[in-house]
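Please read the following report with the sequence and the model side by side, and look up each part as it is named.

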Amino acid sequence: MRFMKLMFVLLITAMLTILSACSGGGGGNSSANEKPAVTENEPAPAAKPEPEAAPAPEPEEPAADLGGREIRISHWWDATPEGDSEADELARERIKNVEEKYNVKIKYLNTEYWSTPEKLSSSVMANDPFAEIVRLPDGFIWGLMQGGFVTPLEDYLKDTRIAPDVVDAMRFGGEHVFGLEGWYNPNDSGVFYNKRIFREAGLKDPQQLMDEDNWNWNTMLDAAKKLTVDHNGDGKPDQYGLAGAHYVLSELLIASNGGLIYDEANKKVTFDSPESMEALNYLHALYNTHKVVKANEGNDWEDPAKYFAEGTIAMYPGGLWEIEGRILDKMKDEWGYLYFPKGPQANTYFDPLGQTAAYVIPKGVKDADVIVKIWEDLQDFDNWEENRRLSLENVLPDEASLANAMNDDGKAQRVFGGRFGGLGIKEHLDSVTEKFVKGEVTPSTGVAQVIGPAQASAEKVLKGEQDTDKKE
């Protein structure tokens, strides 16, 4: 008992000591509201700054009021969103918001394709542009920009929502930005392939080759040779490894090897470069040495997709736009879509942008800076990628093909340089590759014959001498 009392006294004493220390002077912790003591030799602690209030957001600059002006937007089709789809409903909502924001009225014009450049240039010369915004293919833009008929736009795109690489793609000739475009699809061209044909031949699916990082010119050629077969024994193949148009294959092959048909920055035709010549030699060999490309029967534009849909072609290089109308609902076999294979000089997959279209603002349009903002507000920047995915889900056969079309792994690089539409360059190259099909000329001889005239054609257009009425 005495021991217990003693322990109790010692415990109470210890607790009092601790409490005394905690509430004491300089060596203890101060309470939350108590300032620590300051000795003569110790400087006073700096006063704790009051927390800064968050800066008030700067008021948004009011949009320009254009006084009820009509903003005309020209296409070579009627672009008025009148359908009942969700996309059209959202487009109508954006139009309504723009009309209220800028006090304007949006009107869509349907201008005939070939007459558009003449209508633009003549109306600019009359100091009365026929539209504020005009959609044009690059073949017309080259000549119109040289004639001074379209407005340089780079000064109006400093705070734009357009991605920098897309803005640069609109920098025609590497100089001024003459076009407006909201975005580019991440992968528009590749290879359609017949899964049944590969499976029956016991070959690896091209998607598996791509997953193994082994999808290149060599593996495509190896498959094409093994899949060019005479099934009925008449001495002629009735199944081919490849089909295509020579002028499409040349463009895809040159790009896939890191080459360009035209170097915009230096204004030089370059389909005679080492990368391009390697591609053209490969194309020539496909037709003449390996004989793995099915000959078209009078229609280079339509026949290759028709053969693929019929199930007599293993691989068909083409564009995603071809699925509806050319492949879907016509193709009975299981099929897939993947990147165009890598060339020997490439370390990634390439998707070329050889030609494009864009919106221009004619010279003399008033308030061009506001017109650019109006155009931007009409675009669906927030949803374009998801909208594209949803549309492709309806036409592509499987998740792997969808991932390739959307470039989900980022392995396909868009080649923004080398645009040649309307410069008269490709026509000269096509005249050579057309002879490849018949084995009439070698790549080196053919290219040597046309490289000079191709350069002269480009220079003529760049001097503003383009014949815009020419129906190429």
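## Two pairs of helices

In this predicted model, helix α16 (residues 425-436) and helix α17 (residues 443-462) have axes that come within 7 Å and cross at roughly 165 degrees. Because angles over 145 degrees count as roughly antiparallel, α16 is described as roughly antiparallel to α17. The crossing of these helices, α16 and α17, is right-handed. On the side of α16 the contact is made by Ile425, His428, Ser431, Val432 and Phe436, while α17 contributes Pro443, Gly446, Val447, Val450, Pro453, Ala454, Ser457 and Ala458. Sorted by class, the residues of the contact of α16 with α17 comprise nine nonpolar, four polar and no charged ones.

A second pair is formed by helix α9 (residues 246-256) and helix α10 (residues 274-288), whose axes come within 8 Å and cross at roughly 140 degrees. How are α9 and α10 oriented to each other? They are oblique to each other, and α9 passes α10 in a right-handed crossing. The residues of α9 that make the contact are His246, Leu249, Ser250, Leu253 and Ile254, and those of α10 are Ser276, Ala279, Leu280, Tyr282, Leu283 and Tyr287. In the contact of α9 with α10 there are eight nonpolar residues, three polar residues and no charged residues.

## Salt bridges

The structure holds 27 salt bridges, and the table below lists some of them with the distance between nitrogen and oxygen.

| Residue | Partner | N to O distance |
|---|---|---|
| Asp188 | Arg388 | 3.7 Å |
| Lys195 | Asp398 | 2.7 Å |
| Arg326 | Glu322 | 2.6 Å |

The side chains of Asp188 and Arg388 meet in a salt bridge. This pair links distant parts of the chain, since Asp188 lies in the loop between α5 (164-169) and β4 (189-194), whereas Arg388 belongs to helix α14 (residues 384-393), 200 residues apart. Is Asp188 buried or partly exposed? With a relative accessibility of 28%, Asp188 counts as partly exposed, whereas Arg388, at 11%, counts as buried.

In another pair, Lys195 forms a salt bridge with Asp398. Here too distant parts of the chain are linked, with Lys195 in helix α6 (residues 195-200) and Asp398 in the loop between α14 and α15 (399-405), 203 residues apart. Lys195 is buried, its relative accessible area being 14%, while Asp398, at 22% relative accessibility, counts as partly exposed.

For the salt bridge between Arg326 and Glu322, both partners are buried. Elsewhere, salt bridges that share partners join Arg69, Arg72, Glu132 and Asp367 into one network.

## An enclosed helix

How many of the eight residues of helix α11 (residues 303-310) are buried? Six of them are buried, so α11 is largely enclosed by the rest of the structure. Just after α11 comes Gly311, which takes a positive phi of about 85 degrees.

## A histidine in a loop

His176 is found in the loop between α5 and β4. With a relative accessible area of 36%, His176 is partly exposed. When residues up to four places away in sequence are left out, His176 touches Pro152, Glu154, Met170 and Arg171.

## The chain as a whole

The protein chain has 17 helices and 12 strands, and 47% of its 472 residues count as buried. Among contacts in the protein chain between residues at least 6 apart in sequence, 77% join residues at least 24 apart.

Technical notes: Residues numbered from 1 in each chain as written. Predicted model: local features only at pLDDT ≥ 70, side-chain atom pairs only at ≥ 80, totals over all residues. Heavy atoms only, no water. Salt bridge = Lys/Arg side-chain N within 4 Å of Asp/Glu carboxyl O. Helix = DSSP H or I, 4+ residues; strand = E, 2+ residues; numbered from the N terminus. Buried < 20%, exposed > 50% of the residue type's maximum accessible area, 1.4 Å probe, protein only. Axes fitted to C-alpha atoms, helices over the stretch in contact; angles between N-to-C directions. Parallel < 35°, antiparallel > 145°, perpendicular 65-115°, else oblique. Left-handed = near helix turned anticlockwise from the far one by under 90°. Contact = heavy atoms within 4.5 Å. Nonpolar A, V, L, I, M, F, W, Y, C, P; charged D, E, K, R; others polar.
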